[in-house]
Amino acid sequence: MMEPQYEFDLELETNHIQSVLDLDDMEAFRETFFSYPLYDQAQVYRNLPSENRLKIYNYLSPKEISDMFEILEEDVESIEVYILEMNKQYAADMLANMYTDNAVDMLKQLEPDMVPKYLRLMDDEQAAHLREVLVYEDATAGAIMTTEYIAIKSNQTVRSAMAILKSKAPEAETIYYIYVINNKEQLLGVISLRDLIISHEDQMIHDIMSDRIVRVNVDDDQEDVAHVARDYDFLALPVVDDNNVLLGIITIDDIMDVMHEEATSDYSGLAAVDVDETTLNPFRAASKRLPWLITLLFLGMGTSTLISQYEGLIANAAILSVFVTLITGTAGNAGTQSLAVAVRKIGLPDAEKRSWLAVVIQETMTGLIEGIITGATIMLVVGIWQKSFLLGGIIGFSMMVAITVANLAGSLIPILMDKLGFDPAVASGPFISTFSDLTSVLIYFNIAKHFLVILMK
């Protein structure tokens with residue numbers, strides 16, 4: 001007989017917790033609250049009103065609340081409101097009980113002048129660990145690393161290494177890799193937990209460690225770090241400085257956060273909008289989007305102005321106006337596809353990148369092939385529909401050239417933006433469609449103008 005599956009109804013359980021809190025019975029609350037998995041505890045906590053959360057701080061220790069906040073840190077865009085509603089000493093103790101990388105992420109969400117106040121309320125050693133990581137620039141390996149790792153010396157035996165592992169395991173974020181260092185804290189090798197367990201107790205660490213170490217520099221970009229972790233399928237990566245001194249490790253949960261963050265950033269850039277702005281009220285959301293919309297509005301007026309230059313041509317052959325949006329829309333779609341490919345290739349690690357010239361040539365040739373097939377298709381459709389294969393040829397040839405140019409622009413613009421030091425996704429996304437409109441209109445009407453005499457016969 002199958003066991004019933006665990007089901008969790010957030011609203012139902014939140015109401016249940018609220019009713020327990022109303023009883024002012026700490027034991028009843030703790031028994032009920034801890035019956036939930038940690039993730040569900042965090043969801044109930046988030047769903048409670050502030051006055052109920054304040055009661056929870058009286059019933060849970062800073063260590064117990066920190067376990068829940070390890071989950072919240074990865075799931076909530078801003079947790080400043082939760083920290084500020086706590087007693088400062090309570091919040092400082094909670095942060096001190098968290099893994100360094102998660103505590104740093106939370107501290108960085110506070111106003112800069114607030115951070116020292118919490119650090120001064122912590123144990124000196126823990127505060128020092130947090131200060132070490134806080135100095136690193138955002139989106140670097142140093143900013144996402146944790147200092148809770150296990151390191152041993154190369155001249156130890158397996159027996160002594162196991163003793164260290166047992167004593168430090170409760171505080172370490174991961175124990176699957178044990179790092180080997182020398183007296184200068186420089187990284188020499190790594191041992192997996194499995195290798196340590198199956199080795200003889202009297203073997204020396206330097207005899208069983210692997211000295212082929214995949215490591216990242218503390219100043220490496222977090223996206224490059226994520227690519228390294230993906231390529232080697234590691235659960236953690238050691239972080240070193242320029243002198244190969246081991247400073248910390250980056251664990252798989254942080255790698256997943258980086259991948260999500262980078263993917264969201266790229267998507268936001270291509271759309272010219274923050275896709276995580278769903279928590280904003282409509283006025284704030286509009287204020288963030290309007291600058292891009294107004295900018296694109298003025299750029300779009302360039303297309304309208306360009307079309308107005310061909311009023312005489314349209315007056316003589318009104319049928320041409322029917323296909324303007326068809327050509328500009330198709331070219332815009334092709335340019336956006338090429339842009340997405342180019343941005344993706346720019347984001348690859350250096351070892352996987354091709355030369356920018358190769359990317360541009362490939363995308364231009366792809367656009368040419370797409371243009372020929374699409375142009376031939378629309379030529380046949382328009383020729384049969386309008387009973388004029390000359391008109392179909394004008395539309396088809398314009399379509400081919402417009403798509404080829406759009407692909408060229410879609411691949412070239414993000415590369416140029418990257419060379420100039422701008423984010424290629426953010427800098428390129430909002431403009432590619434407008435640029436394609438301009439070039440497509442210019443191509444279409446100039447081609448049509450040269451065939452107008454024949455078309456009007």
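Visitor: Before we look at the sheet, what does it take for two strands to pair?

Guide: Two strands pair if DSSP finds at least two bridges between them. Helices (H or I, at least four residues) and strands (E, at least two) are DSSP runs, numbered from the N terminus. Here, 3 strands form an open sheet with mixed pairing, in the order β1-β2-β3. Its edge strands are β1 and β3, each of which pairs on one side only. On average, neighbouring strands of this sheet are turned by 35 degrees against each other, direction ignored; such axes are lines fitted to C-alpha atoms, for helices over the stretch in contact, and angles run from 0 to 180 degrees between N-to-C directions.

Visitor: What kind of model is this, and how are residues numbered?

Guide: This is a predicted model, where local features need pLDDT of at least 70 and side-chain atom pairs count only at pLDDT 80 or more, while totals for chains, interfaces and linings use all residues. Residues are numbered from 1 along each chain as its sequence is written, and side-chain values use heavy atoms, with hydrogens and water left out.

Visitor: Why is β2 called largely enclosed?

Guide: Buried means under 20% relative accessible area, exposed over 50%, partly exposed in between (1.4 Å probe, protein chains only). Strand β2 (residues 177–181) is largely enclosed by the rest of the structure because 5 of its 5 residues are buried. In a regular strand the side chains alternate between the two faces of the sheet. Both faces of β2 are covered, with Y177, Y179 and I181 buried on one side and I178 and V180 buried on the other.

Visitor: Where else does a positive phi turn up?

Guide: D24 is a residue other than glycine with a positive phi, near 55 degrees. D24 lies in the loop between α1 (10–22) and α2 (26–33), and is exposed at a relative accessible area of 52%. D233, also not a glycine, has a positive phi of about 60 degrees. D233 sits in the loop between α15 (222–232) and β5 (236–240) and is exposed, with a relative accessible area of 66%.

Visitor: How far apart are L416 and W356?

Guide: L416 and W356 are 60 residues apart in sequence and 9.5 Å apart in space, C-alpha to C-alpha. L416 belongs to helix α21 (residues 389–419) and is partly exposed, with a relative accessible area of 44%. I372 is in helix α20 (residues 356–386), and at 45% relative accessibility I372 counts as partly exposed.
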